[in-house]
Amino acid sequence: MLPSRALLPAVVFALAALQALASDTFIAAVYEHAVILPDPTEEPVSPDDALALMNKNMDVLEGAIQEAAQKGAHIIVTPEDGIYGWRFTRESIYPYLEDIPDPAVNWIPCTDPSRFGRAPVQERLSCMARNNSIYVVANIGDKKPCDSSDPKCPRDGRYQYNTDVVFDTQGKLVARYHKYNLFVVESQFNYPKEPEAVTFETPFGKFGIFTCFDILFYEPAVVLVSKMQVDTVLFPTAWMNLLPFLTAVEFHSAWAMGMRVNVLAANTHNTSIEMTGSGIYAPAGARTCSYNMKTEDGHLLIAELDAHPRLSPACPPAVSWNSYALSVERFSQKDHEFRGIIFEDPFTFTELTKPEGNLTVCQKDLCCHLSYKMAEKRDDEVYVLGAFDDLHVVEGQYYLQV
């Protein structure tokens, strides 16, 4: 049924208003949080004690959210484990978990906190978003009951998930993501039965979300970019910088470049286990980033991004990396090649013996090319270029394809 002539001006006005709300750019924020950790214990604490610890962390996060909003940020990402930390068994984490509903229920916890039972953490996060008119992204724990009719139901009768939530500027829950690729030490959580490709629309682009270790896998990370065509990836993480690879700023920046999307990476901060490195990354490079091993302070980062980076003149053109690799002249130094083991996998390496140059290292059909110039090299350091072409099995649970 077509609108009457009397309604046409109103329809045109509404469409114009929606178009005006859409923006070519937006202000993004990430906060690297020095998490206040609970005392290690295998016995569950009371719900009140659990909430007291979480409120201490949310006090800090709320300050960062208020500052980001005052500086014009439209969205802020906070870290994985940023509200309760990581010192838990399956039993001891339970008092920290809440039942997080599907966002389809159209719920604003700030104005209707008891609709789905006790949910003080979701209520407070929702109010932070609503009171500051900013999208808030946080990592908390979800619990879901199950019974014997479910063959995968744990013996304690519940699923526990490492979970990201997103609240919009009205405080409404608009996204919930259960981490699919758990790190080997996350025994307190369950694997979701299926990977989730979680997206949501905003006036400043289409967003996708996943957590930390997920970035190394096809599902959900590559699926969100290649099939769901998101503009920006939200990335709460607790990333330990471990040589010889997987340093946070370099890896996350390179991922944004390779995937041609924005990445908002918020890391936890704990120098004792080398957790640091957060940034706001675009396909053309980092807009802002921070790596701090000298102090135990949190850090807020803010930068402007293109809402649709692939359409931006600054976005590098798409590259056929397979064609590029086949066309590159190989500069292999066979006399400096050797085999080595990383995480039980046999890599092929070649040593960087000169201050600058071009190198190629191949393993089976995979060849990696490097053009480099060293700014500094100590006598006790060795730099190498390595390649591994196979499937790496981790704990019998999943494959890491390198």
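**Aromatic pairs in a predicted model**

The structure holds 20 aromatic pairs. In one of them, Tyr84 and Phe88, the planes stand at 85° and the ring centres are 5.7 Å apart, so the pair is edge-to-face. The model is predicted. Its protein has 402 residues, of which 47% are buried.

**Tyr84 and Phe88**
- Tyr84 has a relative accessibility of 1%, so Tyr84 counts as buried.
- Phe88 has a relative accessibility of 13% and also counts as buried, because the cut-off is under 20%.

**Tyr135 and Phe200**
- The rings of Tyr135 and Phe200 form a stacked pair, with 20° between the planes and 6.2 Å from centre to centre.
- Tyr135 belongs to strand 3 (residues 135-145) and Phe200 to strand 6 (residues 199-202), so this pair ties together parts that are 65 residues apart in sequence.
- Tyr135 and Phe200 are both buried.
- Ring pairs also link Tyr135 and Phe200 into a cluster with Phe26, Phe204 and Phe207.

**A charge over a ring**
- Arg158 lies over the face of Tyr94, and the distance to the ring centre is 3.9 Å.

**The protein as a whole**
- The secondary structure consists of 6 helices and 19 strands.
- Of the contacts between residues at least 6 apart in sequence, 65% join residues at least 24 apart.
- The accessible surface is about 20400 Å², and carbon and sulfur atoms account for 54% of that surface.

Note on methods. Residues numbered from 1 in each chain as written. Predicted model: local features only at pLDDT ≥ 70, side-chain atom pairs only at ≥ 80, totals over all residues. Heavy atoms only, no water. Phe/Tyr/Trp six-rings, centres within 6.5 Å; stacked < 30°, edge-to-face > 60°. Buried < 20%, exposed > 50% of the residue type's maximum accessible area, 1.4 Å probe, protein only. Helix = DSSP H or I, 4+ residues; strand = E, 2+ residues; numbered from the N terminus. Lys NZ or Arg CZ within 6 Å of the ring centre and 35° of its normal. Contact = heavy atoms within 4.5 Å. Areas by Shrake-Rupley, 256 points an atom, 1.4 Å probe, with all protein chains shown as cover.
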